[in-house]
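Subject: Structure handover

Hello,

My notes on what was found follow below it.

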Amino acid sequence: MTLLRDMRYPTPRELGLAARALADEHPGEARLRQAGTSRAGQPLWVLSVAATGGAPREADRNVLVVAGAHANEPVGGATALSLARRVLDDPAPRAGCGWHFLLCADPDGADLHRTPHPYSLLDYHRNFFRPPGPEQPEWAPSLLPPDRLPPETLALMALIDELRPVLQVSLHATDLGGSWVQLTRDVPGLAEPFAKSAAELRIPVENGASDAAGWPSPGPGIFVIPQPGSEAAGAFHPEDTRLSTWYHAHRYAGTTAIVEVPMWASDLVDDPAPHPDPRGALRMLAERLTADAALVASVRAGADVRPGPPYEDEDPAAAPLLRAVDWTLALIPRIAAEWTAGAPEEAMAAYIASIDAFGRRLSLRAAAMLLRVLRAQGHPAAPGLDRLVTGWCEDFAARFGARWVPVATQVEHQSRTVLAAYDRLVAAGRDERAG
């Protein structure tokens with residue numbers, strides 16, 4: 001397959017228009033419908049591709065692919081469209097299976113993160129936005145009571161209830177690093193095609209993803225979320241993971257795969273060599289994270305930027321950015337404490353590199369979103385914060401030897417991994433029945 005080097009990330013509106021055109025080209029096989037509405041009134045589009053010989057919702061089993069759950073990870077929409085075209089052209093994945101693509105789970109957030117084709121980490125962060133955890137469609141149920149869930153989350157949960165997917169795939173991306181897959185249940189045999197695709201496309205496999213620290217790993221870059229009662233823990237709220245929409249499919253015996261792909265690749269996250277001093281390294285990284293966050297917090301406080309809680313009262317345009325800044329800064333002390341208290345005696349160099357990247361991006365994201373507010377207001381603190389963001393981006397790229405992964409390459413790897421996950425899941429089901 002020839003990869004288009006000039007592909008860029010589509011906007012939510014462009015995704016809807018492209019999906020409508022695809023449905024019009026394939027009447028009877030593909031259908032576009034609205035599954036809900038965002039908080040700002042945007043449609044949540046679902047593109048469905050029929051099982052071979054049937055209507056889009058008449059199938060022995062269903063696959064649900066979720067794109068755009070994180071506003072700053074725009075590759076998922078392009079992957080969803082690419083996958084839809086593939087399953088339309090190839091009857092094999094559609095044998096008894098309907099495929100359904102939620103094209104963008106958070107269109108409001110995606111419109112705030114405006115980087116259709118970033119040329120550098122600095123370019124990517126110039127218009128960066130990632131909402132706080134309670135406003136993220138997949139994560140909201142782990143942080144909010146049921147009566148406060150956002151409409152995007154309710155629409156996604158209703159879609160899962162309707163389709164009862166045997167496989168739910170959530171398409172994610174990291175700004176800099178490698179590729180990895182998180183699974184709510186093991187998918188036997190997935191590691192081999194995943195690793196083969198990454199190698200062919202020159203994408204590093206993130207062997208020690210910070211999001212999956214201590215999780216069972218049946219193969220490089222494949223991590224299974226620990227079962228309840230396990231002592232294994234990741235970087236984010238491990239006690240709440242099973243309340244996310246990833247686990248909503250489990251009530252129908254489904255499995256969820258979270259497929260991560262990098263925008264910029266770094267071979268440091270693919271290094272299996274033992275780190276000489278992981279405890280010392282994590283202490284140093286925790287200290288740096290704390291110091292960097294303090295710099296951002298001091299600008300936030302010193303600039304006396306409005307609004308504060310409840311945010312919407314004085315400057316609605318700045319409110320979502322500042323909510324995200326404050327949520328990120330509040331999260332950092334807990335993460336730094338975890339790194340200091342839970343440092344392992346032994347760890348791969350890849351794991352320490354992943355933690356290093358994770359810490360850098362937390363402070364950088366908070367600073368970048370705050371800078372957007374200061375620039376828009378013409379605040380005198382903006383130039384100094386701009387220099388800080390620029391320096392952090394340059395240091396980040398230099399430290400990790402960042403190299404751009406073309407959008408088409410990101411799409412190709414995600415698409416291959418989704419199809420491989422489905423193939424292996426179906427094969428495992430056949431083996432169980434035969435046994």
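Start with the helix packing. Helix 8 and helix 9 pack at an angle of about 155°, and their axes lie 9 Å apart. Helices here are DSSP runs of H or I with at least four residues, strands are runs of E with at least two, and both are numbered from the N terminus. Axes are lines fitted to C-alpha atoms, for helices over the stretch in contact, and angles run from 0 to 180 degrees between N-to-C directions. So helix 8 is roughly antiparallel to helix 9. On the wording: angles over 145 degrees count as roughly antiparallel, under 35 as roughly parallel, 65 to 115 as roughly perpendicular, and the rest as oblique. The crossing of helix 8 past helix 9 is left-handed. That term applies if the near helix is turned anticlockwise from the far one by less than a right angle; clockwise is right-handed.

From helix 8, the residues making the contact include L321, L322, V325, I332 and W339. From helix 9, they include F358, L362, A366, M369 and V373. Contact means heavy atoms within 4.5 Å.

Before going on, the ground rules. This is a predicted model, with residues numbered from 1 along each chain as its sequence is written. Local features need pLDDT of at least 70, side-chain atom pairs count only at pLDDT 80 or more, totals for chains, interfaces and linings use all residues, and side-chain values use heavy atoms, with hydrogens and water left out.

Two further helix pairs involve helix 10 (residues 382-400). Helix 7 packs against helix 10 at about 155°, axes 11 Å apart. These two are therefore roughly antiparallel. Their crossing is left-handed. D292, L295, V296 and V299 of helix 7 meet L385, L388 and W392 of helix 10. Helix 9 also packs against helix 10 at about 155°, with axes 9 Å apart. That pair is roughly antiparallel too. Helix 9 passes helix 10 in a left-handed crossing.

Next, the salt bridges. The count is 18. The rule is a side-chain nitrogen of Lys or Arg within 4 Å of a carboxyl oxygen of Asp or Glu.

- E412 and R86 meet through their side chains at 2.2 Å, N to O. E412 sits in helix 11 (residues 407-434) and R86 in helix 2 (residues 75-89), so this pair links distant parts of the chain, 326 residues apart. Both E412 and R86 are buried. Buried means under 20% relative accessible area, exposed over 50%, and partly exposed in between (1.4 Å probe, protein chains only).
- R288 bridges to D356, with the closest N and O atoms 2.7 Å apart. R288 is in helix 7 (residues 278-302) and D356 in helix 9 (residues 349-376), 68 residues apart. R288 is partly exposed at 23% relative accessible area. D356 is buried at 5%.
- D326 bridges to R300, with the closest N and O atoms 2.9 Å apart. D326 lies in helix 8 (residues 319-341) and R300 in helix 7, so the pair ties together parts 26 residues apart in sequence. D326 is partly exposed at 21% relative accessible area. R300 counts as buried at 12%.

There is also a salt-bridge network. It links R86, E200, E412 and R416.

Now the nonpolar cores. A core is a set of buried Ala, Val, Leu, Ile, Met, Phe, Trp, Tyr and Cys residues joined through side-chain atoms within 4.5 Å. The largest has 110 residues, and L47, W99, F101 and L103 touch the most other members. Helix 9 gives the largest share of this core, 16 residues. Not counting residues up to four places away in sequence, F101 touches W45, V46, L47, V49, V65, A80, L83, A84 and V87. A second, separate core has 13 residues, including L44, V46, A105 and L159.

T52 lies between strand 2 (43-49) and strand 3 (61-66). T52 counts as partly exposed at 44% relative accessibility. Neighbours within four places in sequence aside, T52 is in contact with P91, R94 and A95. T52 and A253 are 201 residues apart in sequence and 23 Å apart in space, C-alpha to C-alpha.

Best wishes
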